[in-house]
Structure formats: C-alpha cells, structure tokens
Amino acid sequence: MCSTSEKEGLERVIVKRQLAQKPDIALVEAAIRGDPDSFTELCRRHYPAMVAIAHSALGDRHLAEDAAQQAFAKAAEKLPQLKKKSQFAGWLAAICRNTARDMARSTKLLHSNDIATKTTAAEPHNDGTGEAVKEALSKLSASAREVIFLRYYDGMSYEQMSAVLGISEQAINGRLRRAKRKLANYLRCKGFGKV
Amino acid sequence: MNKKDDKWLDELITRTINTTKPQFDSEKWKQKYPDEFKTLLSRAAKAPAHPIRWTSFLKKPIAKVAAAAVIILVIGFFMTRPAPDKKVEIVEMTNATKSPAEMLTLKSLTIAYHNGGIEAVEKQCDKAIEKLGLKSERITVQELLTYIDGV
C-alpha cells in the first residue's frame with residue numbers, strides 16, 4: 001500500500017513525463033493560461049541552450065546561469081505578448097541574448113579579452129590549450145561563437161539549433177563550418193593541430 | 001577544412017567548453033523570482049475555462065472551403081447583377097433599334113418586365129403599336145396577333 005505522499009510523488013512524476021512529451025506550442029498555450037508546470041517544463045527543456053547562449057556572450061558559467069534564469073523571469077511576464085507560439089525557443093533566445101548583453105555591459109565584460117579569460121570556470125588542462133581555444137573563441141563574431149557554444153556545450157542537433165536560432169539547418173551548417181575554419185586557422189598559427 | 005582538422009579541433013573545443021549539463025532548478029527559480037511566478041499564476045484565474053479557438057477553427061480545411069465558397073458566391077452575385085445604369089440602356093436600346101415585331105417577342109417582353117415590371121411591358125407594347133402606325137383604340141388583340149404572326 002502506498003502512503004499519500006508516495007501517491008502524490010508518483011502523480012507528479014506521471015505529470016512531468018506527460019509534459020515532457022508535449023510539444024513547445026502546447027506548453028506555451030498552457031503556460032499563457034497560467035499553468036506553472038507547463039512553464040517549468042519549458043524552462044527545463046530550454047535551460048541548457050539558454051545557458052550556452054548566455055555563456056557565449058558573458059564568458060562565465062555562473063553569470064550565464066543567472067542570465068538564463070532572468071530571461072525566464074522576463075519570459076514569464078511577457079508570455080501573453082508572444083504572437084507566434086511555435087517560435088517560443090527563438091523568442092526566448094532573443095530575450096536571453098539581450099539579458100546577457102545587458103549583464104555584460106553592467107559587469108563590464110563585453111570586451112573580448114575578458115570573455116577570453118573567463119570562458120570556463122573549470123580549468124581542464126594546464127598546457128595552455130584551453131587558453132588558446134578561449135582566445136580563439138573570443139576572436140569570433142557573437143553569432144559564430146553562439147553556434148559553437150550551442151553545438152559543443154550541450155551537443156545540440158542542427159534541428160534544435162535551428163529552432164533556437166530561427167535560421168535554417170543549412171545556414172547553421174555554414175555558420176558552424178566558417179567558425180570552425182576560423183578557429184582552426186587561429187589555432188594552427190599558435191602551433192596546434194600540426195602532426 | 002578536412003576530416004583531420006575536424007577531429008583535432010572538435011577535441012580541443014570539447015575539452016575547453018564542454019562542461020556539465022546545466023540543470024534547471026524550478027524551486028530555486030520560484031524563490032528568486034516570486035513576482036514573476038505570481039504573474040504567471042494570476043493568469044490562471046483570468047483565463048476562460050474553454051477558450052474560443054477561432055484561429056484553430058479557421059485552420060481546418062472545411063472552414064477554408066466554406067470561406068472560399070462564400071467569396072465566390074458574393075463575387076458571382078455582384079458580377080451577374082446588372083448595374084442600374086445598364087437597365088436604362090437595355091430598355092432604350094430595345095425601344096430604339098428593334099422593329100415592332102421584335103419588341104413584342106417573348107424575350108423582349110421578358111427583358112422589359114425584369115427591367116421595369118408590368119408598366120415597362122405596357123410601355124413597350126404601346127411603342128410597338130405606335131411604330132406600327134396603328135391607333136390604340138382601333139386595334140384589337142386579334143388584329144395585333146394577326147399582324148405579329150404575319151398572316
């Protein structure tokens with residue numbers, strides 16, 4: 001026999017699973033009608049992508065998480081203003097991008113040098129590789145850096161990236177290739193990638 | 001860029017920026033942004049139980065067909081209906097150009113009736129009789145029919 005708390009817990013798990021299977025548009029409509037669970041599911045679903053976008057602009061993981069959460073707060077308020085509900089991810093990404101830029105301005109992190117030095121909190125290697133990659137990333141344009149972060153941060157598919165960035169998969173492929181070519185050229189100049 | 005380039009670059013980027021996947025903590029977010037969460041909840045009270053979804057209704061194929069049919073009918077109605085100026089033109093043309101015999105055919109009289117009712121039919125008959133050069137008080141229906149039949 002299950003206790004009441006166990007039953008409630010089980011019900012919540014079932015509701016969460018059901019929500020996880022719903023498309024964005026259904027969740028957005030429910031959230032507009034004031035369903036907090038649907039909004040939470042949307043946040044959970046898009047959190048990694050938003051953190052990646054903010055991280056590419058701010059260069060700091062903790063600040064990026066703050067920016068993503070702030071973007072969700074803004075989205076919660078502005079949600080009824082969203083005209084094309086199917087484009088929720090792109091709309092949210094735009095809010096997150098603006099929030100991150102505002103944060104960067106306020107914390108004076110907008111300069112690329114600062115971004116380069118604060119790309120990751122953790123230092124995986126001490127051989128200078130990480131620093132060189134960070135520096136190379138800082139040389140990229142904001143949009144190119146964003147594509148790189150989305151692709152490598154969360155291992156997003158082109159389809160998911162297309163929804164978030166609001167551009168075609170072909171455009172993403174092109175943008176990613178150009179960004180990687182620039183990175184490769186820069187790193188090769190620094191002595192990496194030579195056999 | 002070749003595949004070799006791709007491999008070493010992928011490794012470098014992954015090593016540098018690939019961190020643990022961020023997890024959204026809804027409880028922390030609610031505590032951090034209580035006003036926004038309240039705004040979200042307040043919409044539940046305002047929202048109707050069963051909102052009217054005109055947009056989704058209009059997306060259905062049957063609605064599209066019905067809308068197209070209505071548009072076609074309206075256009076058809078206005079195109080087939082003669083303008084008021086045209087009516088006068090028809091009557092005048094009928095009177096001016098046609099012979100008395102033609103003026104009294106079923107087609108001409110029908111047109112006259114549609115344009116001006118029974119009065120227009122009478123007028124057309126009077127004009128036809130005038131053209132024939134007969135005085136209306138002398139002619140009988142029998143004589144008129146005899147003339148029309150050409151007997």
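## Touring the A–B interface

Chain B and chain A bury about 3,700 Å² between them, with 66% of it on carbon and sulfur atoms. Buried area is the accessible area (1.4 Å probe) that two parts lose on being put together, summed over both. This is a predicted model: local features need pLDDT of at least 70, side-chain atom pairs count only at pLDDT 80 or more, and totals for chains, interfaces and linings use all residues. Residues are numbered from 1 along each chain as its sequence is written, chains are lettered from A and ligands numbered from 1 in the order in which they are written, and side-chain values use heavy atoms, with hydrogens and water left out.

**Stop 1: the contact.** Select the residues in contact (heavy atoms within 4.5 Å). Chain A gives 49 residues and chain B gives 35.

**Stop 2: a salt bridge.** Pick A:Lys180 and B:Asp10. Their closest N and O atoms are 3.1 Å apart, forming a salt bridge (a side-chain nitrogen of Lys or Arg within 4 Å of a carboxyl oxygen of Asp or Glu). Two salt bridges are counted between chain B and chain A.

**Stop 3: the helices of chain B.** Now colour α1 (3–17), α2 (26–32) and α3 (34–46) of chain B; each supplies at least two residues of the side that touches chain A. Helices are DSSP runs (H or I, at least four residues), numbered from the N terminus. The largest share, twelve residues, comes from α1(B).

**Stop 4: α4 of chain A.** Move to residues 61–78 of chain A, helix α4. Buried residues here (under 20% relative accessible area, 1.4 Å probe, protein chains only) include A:Arg61, A:Glu65 and A:Phe72. Finish at A:Asp60, which caps the N-terminal end of α4(A): a side-chain oxygen lies 3.0 Å from the backbone nitrogen of A:His62.

Key:
The expected span of a helix is 1.5 Å times one less than its number of residues. Buried means under 20% relative accessible area, exposed over 50%, partly exposed in between (1.4 Å probe, protein chains only). A polar contact is a pair of N or O atoms within 3.5 Å; within protein, one must be able to donate a hydrogen and the other to accept it, and residues adjacent in sequence count only if both atoms are side-chain atoms.
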